[in-house]
Amino acid sequence: MSPAPPGSSPAPSAVPVRPGATLAVTAAATALVTVAYTAPTASLAATARAAHLGASGRTWILTGTLVGISALLLTAGSAADDHGRKRVFTFGVALFAAAEALAALAPGGAVYLAARVLLGIASAAVLAPALGLLSHAHPPGPARIRALGIWGAAVGLGIAVGPVYGALVQQWAGWRTVGGGLAVVSAAVAACAAVYLTESRAEQPRALDPYGVLTLAAGTSVLIAGLAEGRSGWGRSVVVALLAGGVLLLAAFAVVEAKVREPMLDLALFRSPGFIAATGGALFTGLSLVGFMSYLPTLLQGVLGLSGLAAGGVLALWSGLSVVSALQARRLAAHLSATAQVALGLLVCGLGEAGLYGLTPGSSWLRLAPGLAVAGIGSGVLNAALARLAVSSVPAHRAAMGSGANNTSRYLGSALGVAVTVAVAGSARAAAPGPEAAARALATGTDRAVLVAATLCLIGAVLAVAARRSEARDKTLAGPEPTAPARERAATR
């Protein structure tokens, strides 16, 4: 049985800690979350038509899930640390199964979109406690690094499988079966979580932070809604009001967290270079990489005329290699810190995205293979390093909160990244007469989006390098690293 990390209470049940089973269950659930989110990306138009949704509804198939995830990730992480990580995680997977079942049985588009929002809420309850459960089951050291690398690989695996799964099932069995299949698998994972996971929580739970919960949930929801609606025109009053309202509510959240006695997110963490690298790296990963890649299948269908299934297969080259890279990223741990790996990962991703430049309507998808391969390798390094930083940059008893903060940044960045990609790539298409001219205009817009995404990757890498230098300077000022016995004595005080 693995010892509990400092700051966590012993497991309150008789179930022993099972590191292998914990890793298998959390990785499977994480992969399911990313499969469910990305499944519609290669068949958005077909799903929207089948569910009787218009252009706005098509936008909200993905946005609804983003709203649910971003609004509650940090809250779910804090609740997991305070009231039980297994409890929140198992509830999340069970709710995930119910949301997918509702999506499969939805009588119309409105219920289907509501199911997608519920799916996001459930996904938040799965993702936030996952790293806390892993850190409890795997003490610091090589075993934890390996486990977090596998968890990072699960993120890439879900992204690789999702579009292909969604397009295949949509084509062969209809859009309802996409959700039905995920509901069955996630119900099995929920049963495994109830049996095999061990409960863990902080020794001293914090009081509920209701104003923090409300301002954060409202702020992220309103901001993402504004980003989604902005795709139909950024100057509209409703878009301006939503974006301004979201920013104001998030500012209110920061004020609340600075004033309450036991904040959900301790703002003092932002004085830590590691926490800045974790949240900033996750934000730029979503903004420059996930946002662009989420919309890439749609661009490939418009420029190259690929089917949804073929476009999903092309994207799988990127996400599949990220799985392989994440599994091997542990070999870098002896040579590079997690912060340095974030910088390296973003730099490699930026170079890979730059390699996608030059797409034309007459070109082959093979033209994209080198850039996607390079970006995939960088993505795997990023996923593994961000998982490590999410846990190591916060106190041990707040591991789930750290995971929630990290994933909140990633998904907010993803929402902004999709909005930027749509705005840049589609800027010239509306004025193009005829389908051939529209495809050429979209290719030009895609090149612009590629350059923007690559530039954002490089900016994120520079910020990570700055955090790494600050981290090194703090270590120099702090003096020599304490010995292992000294660290153990400090942890037990």
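Student: In which helix does Ala 258 lie?
Tutor: Residues are numbered from 1 along each chain as its sequence is written, and side-chain values use heavy atoms, with hydrogens and water left out. This is a predicted model, in which local features need pLDDT of at least 70 and side-chain atom pairs count only at pLDDT 80 or more, while totals for chains, interfaces and linings use all residues. Helices here are DSSP runs of H or I with at least four residues, numbered from the N terminus, and the run that covers residues 237-259 and holds Ala 258 is helix 9.

Student: Does His 52 count as buried or exposed?
Tutor: His 52 lies in the loop between helix 2 (44-50) and helix 3 (55-83), and its phi is positive, about 60°, although it is not a glycine. Most residues other than glycine have a negative phi. Because the relative accessibility of His 52 is 71%, this residue counts as exposed.

Student: What is the radius of gyration of the protein chain?
Tutor: The chain comes to 16 helices and zero strands, and its C-alpha trace spans about 75 × 50 × 40 Å along the principal axes. The radius of gyration is taken over C-alpha atoms, and the globule rule is 2.2 Å times the number of residues to the power 0.38. For 493 residues a compact globule would have a value near 23 Å, which agrees with the chain's 22 Å.

Student: How many of the 20 residues of helix 1 are buried?
Tutor: The expected span of a helix is 1.5 Å times one less than its number of residues, so the 20 residues of helix 1 should span 28 Å, which agrees with end C-alpha atoms that are 28 Å apart. Across the whole protein chain, 56% of the 493 residues count as buried. Helix 1 is mostly covered, and its number of buried residues is 15.

Student: What is the volume of the largest cavity?
Tutor: A cavity is a set of points, on a 1 Å grid over the protein atoms alone, where a 1.4 Å probe fits but cannot get out, and lining residues have an atom within 4 Å of a point. The largest cavity is lined by 18 residues, with Thr 34, Tyr 37, Thr 38, Ile 159 and Val 290 nearest its centre, and several helices each supply at least two of the lining residues, including helix 1 (19-38) and helix 6 (142-173). Grid points are joined across faces, edges and corners, and a volume is the space filled by probe spheres set on the points. The structure holds eight cavities of 30 Å³ or more, and the largest has a volume of about 220 Å³.

Student: Which helix gives the largest share of the lining of the second largest cavity?
Tutor: The second largest cavity has a volume of about 140 Å³. Of its 16 lining residues, those closest to the centre are Tyr 112, Arg 116, Trp 175, Val 178 and Gly 179. Helix 4 (85-105), helix 5 (109-137) and helix 7 (175-196) each supply at least two lining residues, and the largest share, five residues, comes from helix 7.

Note on methods
On a 1 Å grid over the protein atoms alone, a cavity is a set of points where a 1.4 Å probe fits but cannot get out, and a pocket is an open set with protein on both sides within 12 Å along at least five of seven lines; lining residues have an atom within 4 Å of a point. Buried means under 20% relative accessible area, exposed over 50%, partly exposed in between (1.4 Å probe, protein chains only).
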